[in-house]
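Here are a few exercises to work through with the model open in your viewer. Try each task before you read its solution.

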Amino acid sequence: MLGQIHKAPVLLGSATPSIESYFNTQQGKYKYVELKERYGGLKMPEIKIIDIKEESRYKRMKSHFSPQLIDAMGMALKAGEQVILFQNRRGFSLRLECETCHTTPQCVNCDVTLIYHKQINLLKCHYCGYSIQVPPRCPECGSPALKMKGFGTEKVEEELSLFFPDAIISRMDLDTTRTKYAYQKIIGEFESGKIDILVGTQMVTKGLDFDNVSLVGVLNADGLLSYPDFRAFERSYQLLAQVSGRAGRKNRQGLVLIQGYNPKHPILQWVIEDNYPEMYKQQIQDRYTYKYPPFYRLIEVSLRHKDAEVLNRAANVLAGMLKPFFGKMMLGPEYPMVMRVRNLYIKNLILKTGKRNEAAQLKFETARQIEKFLELPDFKSVRVQLDVDPM
Ligand SMILES: [Zn+2]
Ligand SMILES: [Zn+2]
């Protein structure tokens, strides 16, 4: 849009373009230039998948690390090289669990589990900031047998220091980069070789080029692949390809070890082969079959209310009003993954629209129906939010 306003050409560059952008090149809407060699003739890293189901079965895992990963890390450190470990945050953070009744403390305002933060020694909600002290006994059954479960980057960092007591380990995630210069500081220290092992979330995957990184480890690929979203596979491919690209600079080939429970997953195979076109081919077929972008546009209608029953009725009424226009092209109403945030319950409707003219007409109609809906006396306090092309 900015290019259009300024009558300027726009250049998009990526090794892992979005399905939509690549589709536009295939349709001739964008011109396409392919770089077939890596910058400076750099070799692609060697990528290996480690079947952690198999390793667990034979009890060879050391906590969350396979022996292959531990060995490779030891070798890299011995050679004076650096290591990056990637751990996606989603669903793998530390939480408190009662061993007797399996209760985990939840946020009082949101429908999520509280996450343990060691530095402040509190259980904290990532959605609203609510926090509590770690209770000495289970709030449900009174049992003192409480245990920390799951693992986040903080836990990974802590465990690593047991395996590699002499290595200097640092962590890069939302928690360690909150202050203004923290991000630059960690990058600077890693670049100058003051840090041996960098543990991080998504943040370590983006555009950082370090000369001395010979090994990249991905602790669990399944957390990415199993995310319930139509873009989950595309995103997994992008993240894994990007984090792999951090390994091996200048003179030698790097090594990437990806741990996972489904080593045969096609996405992992395409990452190994550096095969974006195959990934695209399969994804675009799915998008066509199941009516998703770029063939259809999505509108997400999100309803919120503090009373779950009012919300349910409201969602059904609005769905009924929109049904005549969308028919099968309406999904829901459904609760999202996190169904309550800041004391408001949430329900979503997904509307799909086809070609341009039709889309404009349907958008107009949707807005009109929502306006009508908000005039209904029962639902005046329901909040409705529209998101066109949700990401
Ligand atoms: Zn309990
Ligand atoms: Zn909360």
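**Exercise 1.** Where is the place of Glu-375? Find it, then classify its exposure.

*Solution.* This is a predicted model, so local features need pLDDT of at least 70 and side-chain atom pairs count only at pLDDT 80 or more, while totals for chains, interfaces and linings use all residues. Residues are numbered from 1 along each chain as its sequence is written, and chains are lettered from A and ligands numbered from 1 in the order in which they are written.

- Step 1: Glu-375 sits in the loop between α12 and β16 (383-388). Helices (H or I, at least four residues) and strands (E, at least two) are DSSP runs, numbered from the N terminus.
- Step 2: Glu-375 has 9 C-beta neighbours inside 10 Å, so it counts as exposed. The scale: buried means 20 or more other C-beta atoms within 10 Å, exposed means 12 or fewer, partly exposed is in between, and C-beta atoms are placed from the backbone.
- Step 3: As a distance check, Glu-375 and Arg-297 are 78 residues apart in sequence and 27 Å apart in space, C-alpha to C-alpha.

**Exercise 2.** Work out how α11 and α12 pack.

*Solution.* 

- Step 1: Helix α11 (residues 308-326) and helix α12 (residues 356-374) have axes 10 Å apart, at an angle of about 150 degrees. Axes are lines fitted to C-alpha atoms, for helices over the stretch in contact, with angles from 0 to 180 degrees between N-to-C directions.
- Step 2: α11 and α12 are therefore roughly antiparallel. The cut-offs are under 35 degrees for roughly parallel, over 145 for roughly antiparallel, 65 to 115 for roughly perpendicular, and oblique for the rest.
- Step 3: On the α11 side Val-317, Leu-318, Met-321, Leu-322 and Phe-325 take part, meeting Leu-362, Glu-365, Thr-366, Gln-369, Lys-372 and Phe-373 of α12. Contact here means C-beta atoms, placed from the backbone, within 7 Å.
- Step 4: Sorted by class, the contact of α11 with α12 has seven nonpolar, two polar and two charged residues. Ala, Val, Leu, Ile, Met, Phe, Trp, Tyr, Cys and Pro count as nonpolar, Asp, Glu, Lys and Arg as charged, and the others, Gly among them, as polar.

**Exercise 3.** Which residues touch the most other members of the largest nonpolar core?

*Solution.* 

- Step 1: Leu-240 and Ile-258 do, in a core of 47 residues. A nonpolar core is a set of buried Ala, Val, Leu, Ile, Met, Phe, Trp, Tyr and Cys residues joined through C-beta atoms within 7 Å.
- Step 2: Helix α8 (residues 232-244) gives the most to this core, six residues.
- Step 3: Skip the neighbours within four places in sequence, and Leu-240 is in contact with Val-218, Ala-221, Ile-258 and Val-271.
- Step 4: There's also a second, separate core of 15 residues, including Ala-314, Ile-346, Phe-373 and Val-382.

Key: Contact = placed C-beta atoms within 7 Å.
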